[in-house]
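Subject: Structure for you to look at, with notes

Dear colleague,

I am handing over the structure we spoke about, and my notes on it follow below. Please read them with the model open beside you.

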Amino acid sequence: MPQTPDTRNITLEQMRAFVAVAHSRSFQKAGQKLCRSQSAVTQSVKKLEDLLNSTLVERGNGHTFGLTAAGERLLPQIEDMLVRVDALLRAACQPELRGRITVGIPPSFSTVELQAAMARLLALNPNLQIGVLSAMSADIDRMLVEGRLDVALINQYRFDSSHAPDGIFEVLAQQPLHWVSGSPVDIGPAAPVPLVTYSEGSPWRAATLEALDAAGRAYEFAYECASYESLCSSVLAGFGITALPEWDTGGRFVVLDGKGNLPPLPQVRTVLKTATSSPVLQQFCEFIIQLPFFKNLRAQG
C-alpha cells in the first residue's frame, strides 16, 4: 500500500528549488538563479521528493535529463502554489487595490491562466473591479490611445516599442511563428496555400500574408475568424493550415516549417502597455508580468 506523502514539512525553499531545476534542466544553473550552492538545491529537491514519496527529476551520472511523469504533473500545481504565496506576500506589503481596471487582450492566446490569476487578484482585493475586453491587437492599441483601456496586451510582428512617456511597457513573451496543421499535409509548390487565419487586425495574419506575398506564394482563405478556439478547431478539422507561435499550439498541431515550399515566418511577441501609470496600475501590471506562463516563456527565450 503506497505511503501517504508527508506534506507538513514541505517548504517554499524546496518548491522553488524544484521549479528552478525544472526550467533550467540543471541543478547548477538553478543554484545560480536562486543564489544558492548546487548541493543546497540538490538537497532541497531530494527532500521534496522524499516528502512526496515520488521522484520528480530524472538524473544520473551527475546529469539532469528532465522531469519524470510525476514531476511534469506536479510542476504546474507547485508553480500555482508559489504564485499564490507571492501574491499573498505582495498583498500584505502593499495597500489594497481599489477602483476599476479595464484590460484589453487579443484572442490569439488561451486566457485560462489569465482568468484564474485575475480571480485570485480579485479575491485578495475585494474593492477592485476588472473589466476584460477581447479584440484584435490593432483595435486594442487604438482603444488604449483613446483612453478606453487602462492596460493592453498587444501582439506584434513588427516590434513597435513606442509607448506613452508616463506609461508602462514590458515584453511578456517572444517566439517565432510556425506553420502548423491538424495532420501531415503535402501542399504542392504550385498549389495555393489553404489558409486559416484570424480576422483583419491580427499581427499573426499580417505576418503570414506578408511572408506569402514576399515569396510569391499563392494562397486562398479557407477560414477566417476572430476566435482562438475557432481557429484551432478549424485547423484540426482539416480546413487548412495556419501560423501560430509555440505558446499557442499546446502540442496539438503538426509543425510544417520547411515543408511544402512554405516561406519562413518572423519572430512575434506579446507586450504589455499602459498609457498612464499609478500605484494601482503598477501593482496590477507587475502581477501580470510575473505570471508563470509569461515568466516561463521569457526564460525559454
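Helices α2 and α3 cross at an angle of about 105 degrees, with their axes 8 Å apart, and they are therefore roughly perpendicular to each other. Please keep in mind throughout that this is a predicted model. On the α2 side the contact involves Phe 27, Gln 28, Ala 30, Gly 31 and Leu 34, which meet Gln 38, Val 41, Thr 42 and Val 45 of α3. Sorted by type, the residues of this contact of α2 with α3 comprise 5 nonpolar and 4 polar ones, with no charged residue among them.

Helix α3, which spans residues 38-52, also packs against helix α1, residues 12-24, at an angle of about 110 degrees and with the axes 8 Å apart, so that α1 and α3 are likewise roughly perpendicular to each other. From α1 the contact takes in Glu 13, Gln 14, Met 15, Ala 17, Phe 18 and Val 21, while α3 supplies Val 41, Ser 44, Val 45, Lys 47, Leu 48 and Leu 51. Here the residues divide into 8 nonpolar, 2 polar and 2 charged. Val 41 and Val 45 are listed in the contact of α3 with α1, and both names return in the contact of α3 with α2.

Is Ser 44 buried or exposed? With a relative accessible area of 5%, Ser 44 counts as buried, because the cut-off for that class is under 20%. If residues up to four places away in sequence are not counted, Ser 44 touches Glu 13, Gln 14, Ala 17 and Arg 36.

Most residues other than glycine have a negative phi. Arg 25, however, has a positive phi of about 55 degrees although it is not a glycine; Arg 25 sits in the loop between α1 and α2 and, at 36% relative accessibility, is partly exposed. Cys 35, again not a glycine, has a positive phi of about 60 degrees. Cys 35 belongs to the loop between α2 and α3, and its relative accessibility of 73% makes it exposed.

As for the cysteines in general, how many disulfides does a search of the whole structure find? The search returns 0 disulfides. Cys 225, for example, is in no disulfide, and the nearest cysteine sulfur, belonging to Cys 232, is 8.5 Å away. Since a disulfide would require the two sulfur atoms to be within 2.5 Å, that separation rules out the pair in this model. Cys 225 is buried, at 8% relative accessibility, and Cys 285 is buried as well, with a relative accessible area of 1%.

Turning to the strands, β3 (residues 99-105) has 5 of its 7 residues buried, so this strand is largely enclosed by the rest of the structure. Strand β3 runs parallel to β4 (residues 128-134), and 7 bridges join the two; within this pairing, Ile 101 stands opposite Ile 130 of β4. Strand β3 also pairs in the parallel sense with β5 (residues 151-156), over 2 bridges, and there Gly 104 has Ala 152 of β5 as its bridge partner.

In strand β8, which covers residues 219-225, you will find Tyr 223, and this tyrosine is partly exposed, at 29% relative accessibility. Which residues is Tyr 223 in contact with, leaving aside its neighbours within four places in sequence? They are Leu 195, Val 196, Thr 197, Ser 230, Ser 234 and Phe 239. Between Tyr 223 and Thr 242, which lie 19 residues apart along the chain, the C-alpha atoms are separated by 9.7 Å.

Lastly, Ala 69 is found in helix α4, residues 69-93, and is exposed, with a relative accessible area of 67%. Ala 69 and Ile 289 are 220 residues apart in sequence, and 28 Å lies between them in space, C-alpha to C-alpha.

With best regards

Key: Residues numbered from 1 in each chain as written. Predicted model: local features only at pLDDT ≥ 70, side-chain atom pairs only at ≥ 80, totals over all residues. Heavy atoms only, no water. Buried < 20%, exposed > 50% of the residue type's maximum accessible area, 1.4 Å probe, protein only. Axes fitted to C-alpha atoms, helices over the stretch in contact; angles between N-to-C directions. Helix = DSSP H or I, 4+ residues; strand = E, 2+ residues; numbered from the N terminus. Parallel < 35°, antiparallel > 145°, perpendicular 65-115°, else oblique. Contact = heavy atoms within 4.5 Å. Nonpolar A, V, L, I, M, F, W, Y, C, P; charged D, E, K, R; others polar. Pairing = 2+ DSSP bridges.
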